[in-house]
Amino acid sequence: MLARTDMENLVLPILEILYHVEERNSHHVYMALIILLILTEDDGFNRSIHEVILKNITWYSERVLTEISLGSLLILVVIRTIQYNMTRTRDKYLHTNCLAALANMSAQFRSLHQYAAQRIISLFSLLSKKHNKVLEQATQSLRGSLSSNDVPLPDYAQDLNVIEEVIRMMLEIINSCLATSLHHNPNLVYALLYKRDLFEQFRTHPSFQDIMQNIDLVITFFSSRLLQAGAELSVERVLEIIKQGIVALPKDRLKKFPELKFKYVEEEQPEEFFIPYVWSLVYSSAAGLYWSPQDIQLFTMDSD
């Protein structure tokens with residue numbers, strides 16, 4: 001599969017399934033994510049998807065994409081799946097696999113489309129707002145508990161812990177791109193600078209201080225260069241300054257972190273998911289074969 005030259009014919013059907021996640025059953029979505037995660041374990045795949053240029057993706061309806069790399073489209077669809085999951089299903093398995101796929105790709109991000117770069121930062125913004133909201137709820141709940149000992153407190157600490165784990169993962173993904181592929185991604189630097197206030201609160205946060213070093217360095221370095229260039233800068237001029245700054249920034253100033261790598265690991269007793277799923281596909285799509293519904297039985301593997 002990885003050796004195929006028509007990469008888009010392999011990946012696009014997977015992306016369409018994820019894009020229409022609300023219309024698909026969970027089996028389809030899980031299988032698409034598992035395949036995607038396995039593919040992103042390979043660095044060759046992660047590089048090659050950014051070399052495939054697509055035109056006029058009609059099924060992507062949120063924005064007109066006249067020309068975009070397969071890699072940037074993949075990022076957009078995975079981020080949309082994460083956002084859908086945050087507001088609707090809240091499925092931890094879905095979340096984990098989406099973030100793992102993004103993390104696997106992050107060191108190989110190349111020439112990110114401006115919209116893909118924006119969506120990465122927008123997802124971080126959404127997580128940041130969610131973090132602040134839960135933090136505020138926890139504070140109000142704590143104040144309320146001081147006046148009433150009879151009311152049980154919601155477990156905001158657990159919610160906060162989960163959100164902070166996801167925020168850290170997003171920071172690691174951004175950091176991975178900056179540390180290894182900064183010179184390939186001026187659009188991500190632009191998106192970072194445009195929303196730099198978002199990262200202020202995490203600079204001194206004990207859970208994120210270490211991973212914020214490179215992000216903070218990049219924001220400070222490029223902000224200074226833009227300040228020197230004066231006010232009222234056009235988008236084109238800002239991008240030009242960023243591209244010049246990428247060459248000027250000493251790479252040894254960026255701290256090295258362990259490479260982000262995640263692998264698909266089967267759950268215990270995977271046959272409980274896969275065997276019924278495969279048989280459901282055989283039953284529903286086997287052309288020319290008749291299966292009597294009343295004679296179909298589900299049985300365990302050790303059954304006689």
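Reader: Among contacts in the protein chain between residues at least 6 apart in sequence, what percentage join residues at least 24 apart? Then take me to the salt bridges, and to Arg 203 with its partners Glu 200 and Asp 216.

Author: The percentage is 72%. Contact here means heavy atoms within 4.5 Å. This is a predicted model, in which local features need pLDDT of at least 70 and side-chain atom pairs count only at pLDDT 80 or more, while totals for chains, interfaces and linings use all residues. Residues are numbered from 1 along each chain as its sequence is written, and side-chain values use heavy atoms, with hydrogens and water left out.

Some context first. The protein chain has 11 helices and 2 strands. Both are DSSP runs, numbered from the N terminus: helices are H or I with at least four residues, strands are E with at least two. The order along the sequence is α-α-α-β-β-α-α-α-α-α-α-α-α. The C-alpha trace spans about 75 × 65 × 35 Å along its principal axes. Of the 304 residues, 45% are buried. Buried means under 20% relative accessible area, exposed over 50%, and partly exposed in between (1.4 Å probe, protein chains only). The chain exposes about 17300 Å², and carbon and sulfur atoms supply 53% of that area. Accessible areas come from the Shrake-Rupley method with a 1.4 Å probe; for residues, only the protein chains shown count as cover.

Now the charges. There are 28 positive and 36 negative side chains. Lys and Arg count as positive, Asp and Glu as negative; His and the chain ends are not counted. The centres of the two sets lie 11 Å apart. Each charge is placed at NZ of Lys, CZ of Arg, CG of Asp or CD of Glu.

The structure holds 9 salt bridges. A salt bridge needs a side-chain nitrogen of Lys or Arg within 4 Å of a carboxyl oxygen of Asp or Glu. Take Arg 203. Its side chain meets Asp 216 in a salt bridge at 2.9 Å, N to O. This pair links distant parts of the chain, 13 residues apart. Arg 203 is in the loop between helix H8 (186–194) and helix H9 (209–229), and Asp 216 is in helix H9. Arg 203 also bridges to Glu 200, where the closest N and O atoms are 3.3 Å apart. Arg 203 is partly exposed at 33% relative accessible area. Glu 200 is partly exposed too, at 44%.

Next, Lys 261 and Asp 43. Their closest N and O atoms are 2.8 Å apart, in a salt bridge. Elsewhere, salt bridges link Glu 22, Glu 62 and Arg 80 in a network.

Helix H11 (residues 271–285) also holds Ile 275. Ile 275, Val 278, Trp 279 and Val 282 form a nonpolar surface patch, with about 340 Å² of accessible area together. Patches are made of residues with over 30% relative accessible area and no salt bridge; like charges are joined within 9 Å, and nonpolar side chains (Val, Leu, Ile, Met, Phe, Trp, Tyr) within 5 Å. Ile 275 clears that accessibility cut-off because its relative accessible area is 34%.

Asn 185 lies in the loop between helix H7 (156–181) and H8. Asn 185 is buried, at 2% relative accessible area. Beyond residues up to four places away in sequence, Asn 185 touches Phe 109, Arg 110, Ser 111, Leu 112 and Cys 177. Ser 111 is exposed, at 55%. Ser 111 belongs to the loop between helix H5 (92–106) and helix H6 (114–147). Most residues other than glycine have a negative phi. Ser 111 has a positive phi of about 45°. Asn 56 has a positive phi too, about 50°. Asn 56 is in the loop between strand E1 (53–55) and strand E2 (67–69), and is exposed at 53% relative accessibility.

Last, Gly 71 in helix H4 (residues 70–87). Gly 71 is buried, at 0% relative accessibility. Leaving aside neighbours within four places in sequence, Gly 71 is in contact with Ile 49 and His 50.
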